[in-house]
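Dear colleague,

Please find below the structure that I am handing over to you. I would be grateful if you could read the notes after it with the model open.

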Amino acid sequence: MLPPSLIGSYQQYKSDTDSIAAWLASTAKSCGYVFDVVTGGSSHKGTATRLKGKARAEAKKKQDAPSAKPTLVNKYIIKIKEFVPLAEFVASKRGVSIPDSLITTLHRVISARREFSTKIAEEGAAADELGDHKHEYFVGILEKVEKVLHPQAKPTSTAPIPGPPGEKPDTVATDSFSNRFDALKLYEPSDDFMNAPGIERPKPSEGDNTVYEAEQHTSLEDLDIALTMLINDINKIRARVEWIWSNWRDGSFDLSAAAIATNTAIDLARDLMDEVKPLLRDQGGLSKVLTRFYLVQAMRKGYDVAELPTNGPNNFNYDTYDIADGTYILTCRMLESLSTVLQPGNVPLYKDGMFGHYDPQSDRTSKSGLEKFEEDRVLLVSFFTELVALDRVVGYYPVKDEFLRGVKELSKTGEISFCLVFAAQIFLDIHHTVRAQAARAFGTLETNLNFFDKEIDQHLEYHSDIKIRFKNWAAENTKAIQKTQTRIRWVLSDPVFSAKLKAYAELGQPVPASMERNRILKMSPVLSGLMLYHFRAEFWDGGIAVANAWGSITYSLHLYNALQSEKLMSQRWSDMDLVTTVMEDTNFFVGGAPTDVAGYLKKFCLQMGATAATFSRNQRRNTSVHSRSGPRTIKEGAPVSAMFMGRYLRGTGQVDWTAEHVAEIVELGLWETKGSEEEGTLRLGKIEDPEELKQKKKKHNGPSAPMAKLHPEQLIRSLSFALQGESLEFALPYTAMHRKCWSLLRAVRTRCDPLPRQMYTPACMEQESELPFVVGWIFSALVEGRGTKVLEEASIAVDEYVRAEGSDIIDLLGTLGMPVVFREQDEDEDEV
């Protein structure tokens, strides 16, 4: 079960109700209550019905029989009408302690139901007789349970308990809907309900692993509560997504960070929606329910039902656009219209201008409701057809966002899900927020993909003349790099464009001059951002593997650190300073960077997985020069970003993310925010305090974490900052840095030769694969008292290199849209 404040309003309400049912059923069972178990299908469901007479005796005998094969019961559905009998049974047993959490939870549910009913009454809505009857009945049941179990408790209300409602299903005509909801507004539960500190719910009896759930009513009253709570929650998520893209538009967020946070936000919305699915289905489906909800909001704003036509795809009062926008009805209607005209198996071909043209330079705020709708229609129709073509013809695509996933589900089921509607609305919201800046997203992606393509060429060419044969780098790794390059070029060629060319050829029609490549990526900043993450993650993972295989970055850093400590460098190596700024020291040094001669060799040997005897002139025969632990590699890095690799890189990760999953990921982050967003003092920086980092790691393994205090939209905010904090580390071109470091080690070997050969053995610097060992020979000479000449010669080589090429990686990042500026570090500020 999710932490209480990580779930939505309705999930919290339902969890409260289920916990009451679970405590009553489990406690009654532990006191001897026997349930009438009704099995069916693959799961065993039961109703909390008290058996009598012979039936009860037989059931009791079966439960007590040691040889009887136990019946697996996965779930009990506890009927609301059984709450009071269960409570009375428990109350009749001596020694049963009534937890305070039960009484508190009862109060919370009763208050939530009554607040909702009061809100409707205050707005003047005429209550649906059947729905209100069930409302009063349920509240009365809960109050009766409280009175039975806790006679001294002050009742939440004095309303009499009405008799149980009939079992007839609710049927309400569309035209009577206006009377029922004419003043309903987006109800938000009270702060007491949503922000109750340290929510604790009653738990089932110890050892009882059965799942108990309260019977779910499907009346309009229950739908009202569920839908209003749900839309309130997802509108908060929607607002957070707009915040994300306004920050991206203004240059504060990285594209891939914004895209992952957005898609995760839709995941969390889907998780909230899943709880309401049964109610939507039983009340006529998504479109009917959203239509009703829209009518309610419009009538509350003063519109008469006669002014609100909803029958037919083009019959709508667009003066109510802003109201409709908040209820998702227009987006739902557009998707319905699109789905009905799609012909099975065909590639949809959208003709530009069919519904007008989208002008991102225009001022949306000055548009009428109809003009806003027409703009949305152009955007949605043209992009939806791209997604359908991708699904039907291309099939494979490196990444899938929730919009594409929803279209794939639509193709399989023929049903439009609420999550698809929400994803489509997010797509429109992003365009409303960034306007003409949307094209910049694909520009960023294209620049990076072209860089990756060129980087592979340079990497393969650089190593084509190096005769290195050692176990750390298999030939399969090079083949994998070449396959990555093939996929990059395939994505840039646009497989959807190729599919449409083929479709036009088969129809014998000319290709429109307006048809352009990569429209799907140009129109979707989210897909562009996820695609950027996909290849960036592949290069991050592969770049670290290259650096580990050759040891280039690590051992160059050891030499640079020694030269800095001995004050033999005339300037800073900016590129290496960047690496050590964004990555943890534990990746490069065991126990921190050394500052003395003995430490240089010791830490170098520990990192390399060798002993100091490796570099001794008097090495004894048959003496092992390898440590048991082996070489240490770069392991820790970008912990939050790396958690999404399964889903967006390998296509093997979980897709139905919940708030609990996201909270666990965010807790891995090593970045924090300080200051106030409202006051303009907000700063993002790395956590540097060792004690704070230590405590943070402890919390990872604990039963609770700070993220458990956040609501879903606040959780997305935290995720956005965590991803943004890691963006520079994740985007750093490690393969290019590897080549720079390897070239540096070559220059050091050339400059220092023949000193190490004279001191040790002529063979000590011959093999290219053993180039990092030159650092070990230099440190060994210092430790053995052979003078500082060799170190001084190395400093000349490093200084010359740094002067000529020491900031090439930073310059490269600038061309990729990630400028890096070093400045003097103020107190409590990050270095970059």
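This is a predicted model: local features need pLDDT of at least 70, side-chain atom pairs count only at pLDDT 80 or more; totals for chains, interfaces and linings use all residues.

Residues are numbered from 1 along each chain as its sequence is written, and side-chain values use heavy atoms, with hydrogens and water left out.

Helices here are DSSP runs of H or I with at least four residues, numbered from the N terminus. Helix 1 (residues 9–30) has 22 residues and spans 31 Å from its first C-alpha to its last, close to the 32 Å expected at 1.5 Å a residue (1.5 Å times one less than the number of residues). Gly-32, which follows helix 1, has a positive phi, near 110 degrees.

Turning to the aromatic rings, the whole structure holds 28 aromatic pairs. Rings of Phe, Tyr and Trp (its six-membered ring) pair if their centres lie within 6.5 Å; planes under 30 degrees apart count as stacked, over 60 as edge-to-face and the rest as tilted. Phe-383 and Phe-427 are a stacked pair, at 4.5 Å centre to centre and with 10 degrees between the planes. This pair links distant parts of the chain, since Phe-383 lies in helix 14 (residues 369–394) and Phe-427 in helix 16 (residues 418–434), 44 residues apart. Phe-383 is buried, with a relative accessible area of 1%, and Phe-427 is buried at 5%.

The ring centres of Tyr-560 and Trp-573 are 5.5 Å apart and their planes stand at 85 degrees, so this pair is edge-to-face. Tyr-560 and Trp-573 are both buried. One aromatic cluster is formed by Tyr-533, Trp-540, Phe-644, Tyr-648, Trp-657 and Phe-730.

The charged end of Arg-240 is 4.5 Å from the ring centre of Trp-243, and Arg-440 lies over the face of Trp-248 at 4.0 Å from the ring centre.

Finally, helix 27 (residues 659–666) meets helix 29 (residues 712–731): their contact (heavy atoms within 4.5 Å) involves residues including Val-662 and Val-666 of helix 27 and Leu-715 and Leu-719 of helix 29.

With kind regards

Note on methods. Helices (H or I, at least four residues) and strands (E, at least two) are DSSP runs, numbered from the N terminus. Buried means under 20% relative accessible area, exposed over 50%, partly exposed in between (1.4 Å probe, protein chains only). A charge sits over a ring if NZ of Lys or CZ of Arg is within 6 Å of the ring centre and within 35 degrees of the ring normal.
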